Structures are given as C-alpha cells and as structure tokens.
Amino acid sequence: MRNKLIAANWKMNKRAGDVQGYFHSFLNESNSKGSSVDVLFAVPFPLIERSAAAVKGSGVAIAAQNMHFAKSGAYTGEVSAEMVKDAGASHVIIGHSERRQYFAETDEVVAEKVKSAFAQGLLPVLCVGETLEQRKSGVTNSIVSKQLETVFAKLESFDKGIIAYEPVWAIGTGLNATAKEAEAVHAMIRTVVAKFFGDKAAQKIQILYGGSANASNLEQLLRKPNIDGGLVGGASLDPTTFAQMIRIAGQLSQ
Ligand code: PGA
C-alpha cells in the first residue's frame, strides 16, 4: 500500500515573517503527526531553513522548488542540491511547468537535474503534464511519456522519487482535470515507470495530481487507484485549507 502524499507548492509566495505563524496553525489543525499521510512543503529558497526549523519533529518534510544540476561553479544566481540540503530540505521539485514555460527548461535539462538530485541525496518531485493545445490534439499520453522517458533513460532507478502529473491548463486556472481524466494519465505514467524500472518499482512510486486541487475536489481524486496525492499551489497558501486537505487524505487512508 502506498502512503498518500500531499505536497504544498508555495511558488513565489510568503515571506520570512509568515513562516512561524503558518506552521503553528497548520500543525495544530492538520493532525498529520503519526498519520499515514506524507506531507511535504516546497517553499522559496530563503524560507527553507526557517521552514525546516518550524516543522522539526512533526514528520513534515521540506522541499526546494528548483535546483541547478551542477555541484558548484560559476552559475550566478543558481542554487545547488547540496545548498538546498544544507538548508534542511529533503526533496526538490523539478521540471514544474512554470520552469519549463518561463525559464526555458527542456526535458533534457530536467533530466540532468533529476539525475543530479538523486546523486546528491535529494529526492525529486518530477513534474510532467500537457498544455491545452496538446490535450485538444489528443497527444497527452505521448507528451507525458516523452517527458518521463527523457529522464528515466538517464537513471538506473527512480527509488523514492515522486512524480506529479500537472496538466498545464489546470494550474492556477480553477479548471481541474476530472478524477477520471487524471486517473487515465496516472495509470499510463505507472506503465512507463514499469517499463523502465519494473513492476515492483511502479507499484511503489507515489504519483501526485496537481492543478487546482483543493479541499472540494481532493477526495474524488484520491479515490482513484493510481492517484496517490496532490501537489497543491493556491490552496496550500492558507494553513486552515491545507490542513483540511491533509485531514481528508488521512480519512481515506484509514
Ligand atoms: P495550483 O498549482 O494548485 O495553484 O493550480 C499547482 C502547481 O502548480 O503545483
């Protein structure tokens, strides 16, 4: 049985002064300690250290939202996996569609980053997903498979890595994929994992849905057999709403 995983993606939101209050409310309201729901927060780089301190002992994990693939060097403005780890993160989001769209990250760059994250002991949350035009022209499966295959071809295993299926047209738009639409892609993703790393690995991997997930649509999504959790942007910014989502996942895990 795979644990459910609910991950927050704060994107470029919140400031240092918000962190303690947020986690105080969230940890009080979510009842996540000791539950079988995994909880992860992807926060902006400058907030990693204080977020890690705020969740210490709670079982909640902290992620960065990006990293550079090089270990160190002349890359002004970039941050390495080791720096992120030193600050207290255990995970890193890689290949979010906003990185692909606004920062020209290609499948090849994403693959380098995932490989480097594993090599340096950070667990990647690899994001994949199609645009609206791609969905309309019926190429969702081939786009998502290619995104995965470019990365998997560089790896010997994806052990403890996480995949997030995030249809680009559903991110921040209020339009979410229906549970049925998402489940179809999640099932396909699991077959791609199986093809590269075997059935056992495919059964273990957590595949999250992202794109306007909220407290009203989460339960339907999580009831699908291949949807193991959510990557939540907008709805994670309010601790009460996000805590509610953790409780929903907890109820389904009992
Ligand atoms: P959203 O963002 O929940 O605001 O749609 C999800 C994401 O981009 O990770």
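Student: Which residue in β5 does V92 stand opposite?

Tutor: This is a predicted model, in which local features need pLDDT of at least 70, side-chain atom pairs count only at pLDDT 80 or more, and totals for chains, interfaces and linings use all residues. Residues are numbered from 1 along each chain as its sequence is written, and side-chain values use heavy atoms, leaving out hydrogens and water. Strands are DSSP runs of E, at least two residues, and helices are runs of H or I, at least four, numbered from the N terminus. Within β5, the residue opposite V92 is P124.

Student: Over how many bridges do β4 and β5 pair?

Tutor: Pairing requires that DSSP find at least two bridges between two strands. Strand β4 covers residues 91-94 and strand β5 residues 123-128; their parallel pairing extends over four bridges.

Student: At about what angle does helix α5 run to β5?

Tutor: Axes are lines fitted to C-alpha atoms, for helices over the stretch in contact (heavy atoms within 4.5 Å). Angles run from 0 to 180 degrees between N-to-C directions. Helix α5, residues 107-119, lies across β4 and β5, and its angle to β5 is about 160 degrees.

Student: How many strands form the closed barrel?

Tutor: The order is β1-β2-β3-β4-β5-β6-β7-β8, with parallel pairing. The closed barrel therefore has, by the DSSP criterion of at least two bridges per pair, the strand count eight.

Student: How far from an oxygen atom of the ligand is a polar backbone atom of G234?

Tutor: A backbone N or O atom of S212 lies 2.8 Å from a ligand oxygen atom, and one of G233 lies 2.9 Å from a ligand oxygen atom. For G234, the distance is 2.8 Å.

Note on methods:
Polar contact = N/O pair within 3.5 Å; in protein donor to acceptor, adjacent residues only side chain to side chain.
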